[in-house]
Amino acid sequence: MLATSYRDNLKLASLWYLGGILMLLAVAVMSLLPMPPGDVNDKFAHLFTYMILAAWFSLLVVRPRSLLWVIAGLTGFGALLEGLQGLTGYRFPELADMFANSLGVMVGVLAFFTPLYRLLRYLDARLASIFKG
(Lines give C-alpha, C1' and ligand atoms only; values in the text may rest on other atoms or scores of the structure.)
Protein backbone atom coordinates (compact mmCIF):
# COMPACT_ATOMS: atom_id res chain seq x y z
CA MET A 1 0.00 0.00 0.00
CA LEU A 2 1.14 3.51 -0.67
CA ALA A 3 2.33 5.61 2.25
CA THR A 4 -0.13 8.24 3.42
CA SER A 5 2.40 11.09 3.59
CA TYR A 6 1.86 12.03 -0.05
CA ARG A 7 -1.86 11.26 -0.09
CA ASP A 8 -2.70 14.74 1.09
CA ASN A 9 -5.13 16.76 -0.93
CA LEU A 10 -3.64 18.55 -3.89
CA LYS A 11 -2.92 22.21 -3.23
CA LEU A 12 -3.82 23.14 -6.81
CA ALA A 13 -6.73 20.69 -7.10
CA SER A 14 -8.92 23.24 -8.89
CA LEU A 15 -6.30 23.66 -11.58
CA TRP A 16 -5.91 19.89 -12.08
CA TYR A 17 -9.69 19.35 -12.18
CA LEU A 18 -10.07 22.23 -14.64
CA GLY A 19 -7.61 20.44 -16.92
CA GLY A 20 -9.73 17.29 -16.64
CA ILE A 21 -12.94 19.18 -17.39
CA LEU A 22 -11.34 20.74 -20.46
CA MET A 23 -10.31 17.27 -21.64
CA LEU A 24 -13.87 16.01 -21.12
CA LEU A 25 -15.23 18.94 -23.15
CA ALA A 26 -12.74 18.27 -25.94
CA VAL A 27 -13.72 14.59 -26.03
CA ALA A 28 -17.42 15.52 -26.10
CA VAL A 29 -16.95 17.95 -28.98
CA MET A 30 -14.79 15.53 -30.97
CA SER A 31 -17.30 12.74 -30.33
CA LEU A 32 -20.20 14.75 -31.67
CA LEU A 33 -18.59 16.39 -34.70
CA PRO A 34 -18.74 14.63 -38.08
CA MET A 35 -15.91 12.12 -38.41
CA PRO A 36 -13.16 13.27 -40.72
CA PRO A 37 -12.14 10.80 -43.41
CA GLY A 38 -8.99 8.91 -42.59
CA ASP A 39 -7.36 5.69 -41.54
CA VAL A 40 -7.72 6.18 -37.78
CA ASN A 41 -8.17 2.95 -35.87
CA ASP A 42 -11.43 3.99 -34.21
CA LYS A 43 -11.39 1.39 -31.43
CA PHE A 44 -7.78 2.18 -30.49
CA ALA A 45 -8.66 5.89 -30.41
CA HIS A 46 -11.54 5.17 -28.02
CA LEU A 47 -9.39 2.96 -25.79
CA PHE A 48 -6.49 5.45 -25.69
CA THR A 49 -8.71 8.50 -25.09
CA TYR A 50 -10.55 6.94 -22.16
CA MET A 51 -7.32 5.50 -20.76
CA ILE A 52 -5.86 9.03 -20.65
CA LEU A 53 -9.02 10.46 -19.06
CA ALA A 54 -9.12 7.71 -16.44
CA ALA A 55 -5.43 8.06 -15.66
CA TRP A 56 -5.83 11.82 -15.23
CA PHE A 57 -8.77 11.60 -12.85
CA SER A 58 -7.32 8.60 -11.00
CA LEU A 59 -4.23 10.60 -10.14
CA LEU A 60 -6.43 13.29 -8.58
CA VAL A 61 -8.31 11.11 -6.11
CA VAL A 62 -7.06 10.55 -2.57
CA ARG A 63 -8.44 7.09 -1.73
CA PRO A 64 -8.52 3.91 -3.79
CA ARG A 65 -12.27 3.66 -3.16
CA SER A 66 -12.73 6.86 -5.15
CA LEU A 67 -11.55 4.98 -8.23
CA LEU A 68 -15.04 3.45 -8.36
CA TRP A 69 -16.41 6.95 -8.99
CA VAL A 70 -13.86 7.52 -11.72
CA ILE A 71 -14.81 4.21 -13.35
CA ALA A 72 -18.56 4.84 -13.07
CA GLY A 73 -18.33 8.46 -14.18
CA LEU A 74 -16.18 7.92 -17.24
CA THR A 75 -18.00 4.75 -18.29
CA GLY A 76 -21.27 6.66 -18.04
CA PHE A 77 -19.77 9.62 -19.90
CA GLY A 78 -18.69 7.35 -22.75
CA ALA A 79 -22.12 5.68 -22.90
CA LEU A 80 -23.85 9.07 -22.90
CA LEU A 81 -21.71 10.30 -25.79
CA GLU A 82 -22.38 7.13 -27.77
CA GLY A 83 -26.11 7.69 -27.23
CA LEU A 84 -25.85 11.34 -28.27
CA GLN A 85 -24.03 10.29 -31.44
CA GLY A 86 -27.19 8.46 -32.46
CA LEU A 87 -29.10 11.73 -32.33
CA THR A 88 -26.75 13.57 -34.69
CA GLY A 89 -27.79 11.89 -37.93
CA TYR A 90 -24.18 11.63 -39.09
CA ARG A 91 -22.62 9.61 -36.25
CA PHE A 92 -23.80 6.25 -34.98
CA PRO A 93 -23.53 4.65 -31.53
CA GLU A 94 -21.57 1.40 -31.41
CA LEU A 95 -21.46 -1.17 -28.64
CA ALA A 96 -17.84 -1.90 -29.60
CA ASP A 97 -16.96 1.76 -28.96
CA MET A 98 -18.52 1.58 -25.49
CA PHE A 99 -16.52 -1.57 -24.81
CA ALA A 100 -13.29 0.13 -25.96
CA ASN A 101 -14.11 3.16 -23.78
CA SER A 102 -14.72 0.94 -20.75
CA LEU A 103 -11.56 -1.05 -21.33
CA GLY A 104 -9.59 2.19 -21.58
CA VAL A 105 -11.09 3.35 -18.27
CA MET A 106 -10.13 0.09 -16.56
CA VAL A 107 -6.55 0.36 -17.80
CA GLY A 108 -6.31 4.07 -17.01
CA VAL A 109 -7.31 3.78 -13.35
CA LEU A 110 -4.22 1.66 -12.78
CA ALA A 111 -2.23 4.92 -12.91
CA PHE A 112 -3.29 5.45 -9.30
CA PHE A 113 -0.97 2.62 -8.29
CA THR A 114 2.09 3.89 -10.18
CA PRO A 115 4.83 6.41 -9.34
CA LEU A 116 2.85 8.97 -11.35
CA TYR A 117 0.67 9.41 -8.27
CA ARG A 118 3.62 10.62 -6.17
CA LEU A 119 5.03 12.61 -9.08
CA LEU A 120 1.82 14.62 -9.41
CA ARG A 121 1.81 15.41 -5.69
CA TYR A 122 5.45 16.49 -5.87
CA LEU A 123 4.77 18.66 -8.92
CA ASP A 124 1.65 20.09 -7.27
CA ALA A 125 3.58 21.05 -4.13
CA ARG A 126 6.38 22.66 -6.18
CA LEU A 127 3.97 24.64 -8.35
CA ALA A 128 1.93 25.72 -5.31
CA SER A 129 5.09 27.07 -3.63
CA ILE A 130 5.98 28.99 -6.79
CA PHE A 131 2.48 30.48 -7.12
CA LYS A 132 2.42 31.46 -3.45
CA GLY A 133 5.47 33.56 -4.03
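This is a predicted model: local features need pLDDT of at least 70, side-chain atom pairs count only at pLDDT 80 or more; totals for chains, interfaces and linings use all residues.
**Helix packing and a nonpolar pocket**

Leu81 touches Val27, Ala28, Ser31, Leu32 and Tyr50, residues up to four places away in sequence being left out of the count. Leu81 belongs to helix H3. Its relative accessible area is 4%. Leu81 therefore counts as buried, the cut-off being under 20%. The C-alpha atoms of Leu81 and Val29 are separated by 9.6 Å. Along the chain, these two residues are 52 residues apart.

With neighbours within four places in sequence set aside, His46 is in contact with Glu82, Asp97, Ala100 and Asn101. Asp97, Ala100 and Asn101 are among the buried residues of helix H4.

Helix H4 spans residues 95-108 and has 14 residues. From first C-alpha to last, H4 reaches 20 Å. This is close to the 20 Å expected at 1.5 Å a residue. The buried residues of H4 are Asp97, Ala100, Asn101, Gly104, Val105 and Gly108. These residues lie on the same side of H4, because they cover an arc of only 140° around the axis. An α-helix has 3.6 residues a turn, so residues three or four places apart point the same way. The other side of H4 holds Leu95 and Phe99, both exposed. The cover over the buried residues of H4 includes helix H2 (42-60) and helix H3 (67-88).

Attention then turned to the second largest pocket. Its space amounts to about 180 Å³. Helix H1 (13-32), H2 and helix H5 (115-132) each supply at least two residues of its lining. H2 gives the largest share, 5 residues. The lining comprises Trp16, Met23, Ile52, Ala55, Trp56, Leu59, Leu60, Leu116, Leu119, Leu120 and Leu123. By class, the lining residues divide into 11 nonpolar, no polar and no charged.

H2 is included in what covers the buried residues of H4. H2 also supplies the largest share of the lining of the second largest pocket.

Technical notes
Residues are numbered from 1 along each chain as its sequence is written. Side-chain values use heavy atoms; hydrogens and water are left out. Helices (H or I, at least four residues) and strands (E, at least two) are DSSP runs, numbered from the N terminus. The expected span of a helix is 1.5 Å times one less than its number of residues. Buried means under 20% relative accessible area, exposed over 50%, partly exposed in between (1.4 Å probe, protein chains only). The arc is that of the directions from the helix axis to the C-beta atoms. Contact means heavy atoms within 4.5 Å. On a 1 Å grid over the protein atoms alone, a cavity is a set of points where a 1.4 Å probe fits but cannot get out, and a pocket is an open set with protein on both sides within 12 Å along at least five of seven lines; lining residues have an atom within 4 Å of a point. Grid points are joined across faces, edges and corners, and a volume is the space filled by probe spheres set on the points. Ala, Val, Leu, Ile, Met, Phe, Trp, Tyr, Cys and Pro count as nonpolar, Asp, Glu, Lys and Arg as charged, and the others, Gly among them, as polar.
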